[in-house]
There are 2 protein chains.
Amino acid sequence: MNINIILLEAGIELVPKEIVNHPSVVKNAKRRKKKPEDTLLDISLHYHAMKKLENVHKRGRPDIVHQALLIMLTDPMIKGDFYIHTIESKIIRINPKMRPPKNYLRFVGLMEQLLKYGKVPLDSNETLMEVTNLTLEDLMTKYNLALLSEKGEKIAPEELCRLGDNWILGIGAFPHGDFSEKIQKISKKIYSISKFPLETQQVICRIFSACNQILGWP
Amino acid sequence: MNINIILLEAGIELVPKEIVNHPSVVKNAKRRKKKPEDTLLDISLHYHAMKKLENVHKRGRPDIVHQALLIMLTDPMIKGDFYIHTIESKIIRINPKMRPPKNYLRFVGLMEQLLKYGKVPLDSNETLMEVTNLTLEDLMTKYNLALLSEKGEKIAPEELCRLGDNWILGIGAFPHGDFSEKIQKISKKIYSISKFPLETQQVICRIFSACNQILGWP
């Protein structure tokens, strides 16, 4: 079964210039023997430094992307086109063959390499993740975007398995709050699978579970 | 809805005595300004040191427990009695009100404190996790154990939601391989929800999704 997914406004980026000299950023980078600008922004490490940044409630959350990818990329039956749209509007294409590192620190190292060099692994014919030069608008010439939001139209998760290959599910990869206006405008549908706000990985988990149930003895 | 769960043979323990002086263990502890014996065994950090340990394929995987707890403890509708049985046969009781740290490093810090002092937080009336002095046999005087294993009897996940309060679902929290003989012997049932081997968090995710579907508009 094929389900296309894009994680939207994901708080995954390298430490931005404005705070690259902040003591907490420098200290954490030094501990890992890396340059500050080559390390991932992480609110659990850089909370104080991040206070001055714009849009801070959606930033510095690589853990959300990690959780989501662990669910998306370990399902034995569900494949599809998988993308990450970052808070900086980068579009990352994910090879469905990728198996994300289970360990968070290794995942962080991998994403740092991806964001610095544009793809991982560097030394292989088969790219597992790459930063494309696509915009969200480019992608939407290929797919219809169905956002998942607790404010959307009520739908049973199994219905989402049947949308078809020209649809892509847009799932917020930020801790709370709404999608940006821009994203809401380019969406074709907004659906809700629960009256409760769900975490990113819970949304994926429920959709994948429902689709597996359709497949019978999953 | 109530579902009791015990994560079984979880690879979560402090660095054992045999390898407490191994250079990789000492170095990692120093970087975190901790004593080696106060740090969590983690195969992604201590791979070389761990080679000599017994039962190594089930040890050093706090990430599996972290993923599982993130799914178990964020569900808005599903509560129950939650336990972790560790590879050292410790039984940890988890307060369903607990919200595990999303960040892996913070989770590691919390589990180190739990395994060193026996409970967390130390300075509160309300314990969120505690190492009990129970044995698995003690627990089984209260519950019937239903193991989840791909070798078990085929069952639809929604059936597991209806087992009742005197049952507890036993889910392996190790990367692969079988439950120990001892655990298989004390189980009352062995069920399978998929013909594929599933990861710990996937098993929980599918059961919780099925139970939420039963509840209607979840």
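Contact is taken here to mean heavy atoms within 4.5 Å. By that criterion, 39 residues of chain A are in contact with 39 residues of chain B. The model is a predicted one, in which local features need pLDDT of at least 70 and side-chain atom pairs count only at pLDDT 80 or more, whereas totals for chains, interfaces and linings use all residues. Residues are numbered from 1 along each chain as its sequence is written, chains are lettered from A and ligands numbered from 1 in the order in which they are written, and side-chain values use heavy atoms, with hydrogens and water left out.

The interface is described first. The size of an interface is often given as the accessible area lost when the parts come together. Buried area is accordingly the accessible area (1.4 Å probe) that two parts lose on being put together, summed over both. Between chain A and chain B about 3,600 Å² is buried, and carbon and sulfur atoms give 53% of this area. A salt bridge is defined as a side-chain nitrogen of Lys or Arg within 4 Å of a carboxyl oxygen of Asp or Glu; the rule finds 4 salt bridges across the interface of chain A and chain B. One of them joins A:K102 to B:E199, with the closest N and O atoms 2.4 Å apart. A polar contact is a pair of N or O atoms within 3.5 Å; within protein, one must be able to donate a hydrogen and the other to accept it, and residues adjacent in sequence count only if both atoms are side-chain atoms. Between chain A and chain B, 15 residue pairs are in polar contact, both residues being at pLDDT 80 or more.

Helices (H or I, at least four residues) and strands (E, at least two) are DSSP runs, numbered from the N terminus. On the side of chain A that touches chain B, α3 (62-72), α4 (104-117), α6 (157-160) and α8 (200-214) of chain A each supply at least two residues. The largest share of that side, 8 residues, comes from α8(A). Its residues divide into 15 nonpolar, 12 polar and 12 charged, where Ala, Val, Leu, Ile, Met, Phe, Trp, Tyr, Cys and Pro count as nonpolar, Asp, Glu, Lys and Arg as charged, and the others, Gly among them, as polar.

The sheet of chain A comes next. Two strands pair if DSSP finds at least two bridges between them. In chain A, 8 strands form an open sheet with mixed pairing, in the order β4-β5-β3-β2-β1-β7-β6-β8. The edge strands of chain A are β4 (119-120) and β8, each of which pairs on one side only. Helix α8(A) packs on this sheet, touching β1 (5-10), β2 (82-86), β6 and β7 of chain A, and its direction makes about 145° with that of β7(A); axes are lines fitted to C-alpha atoms, for helices over the stretch in contact, and angles run from 0 to 180 degrees between N-to-C directions.

Strands β6 (residues 144-154) and β7 (residues 167-172) of chain A run parallel and are joined by 5 bridges, with A:L169 in β7(A) as the bridge partner of A:A146. Another 5 bridges join β6(A) to β8 (residues 189-192) of chain A, again in parallel; here A:K154 stands opposite A:S192. By contrast, β2(A) and β3 (residues 91-94) of chain A run antiparallel over 4 bridges, and A:I84 stands opposite A:I92 in β3(A). The hairpin of β2(A) and β3(A) has 4 residues between the strands, and in it A:S89 takes a positive phi near 70°. Strand β3(A) is also joined, antiparallel, to β5 (residues 129-131) of chain A by 3 bridges, where the partner of A:I92 is A:V131.

Chain B likewise holds an open sheet of 8 strands with mixed pairing, ordered β4-β5-β3-β2-β1-β7-β6-β8. Helix α8 (residues 200-214) of chain B lies across β1, β2, β6 and β7 of chain B and runs at about 145° to β7(B).

Some local features complete the picture. A cis peptide bond joins A:V120 and A:P121, with omega about -15°, and A:P121 is placed in the loop between β4 and β5 of chain A. The bond from B:V120 to B:P121 is also cis, with omega near -15°. B:N55 has a positive phi of about 55° although it is not a glycine.
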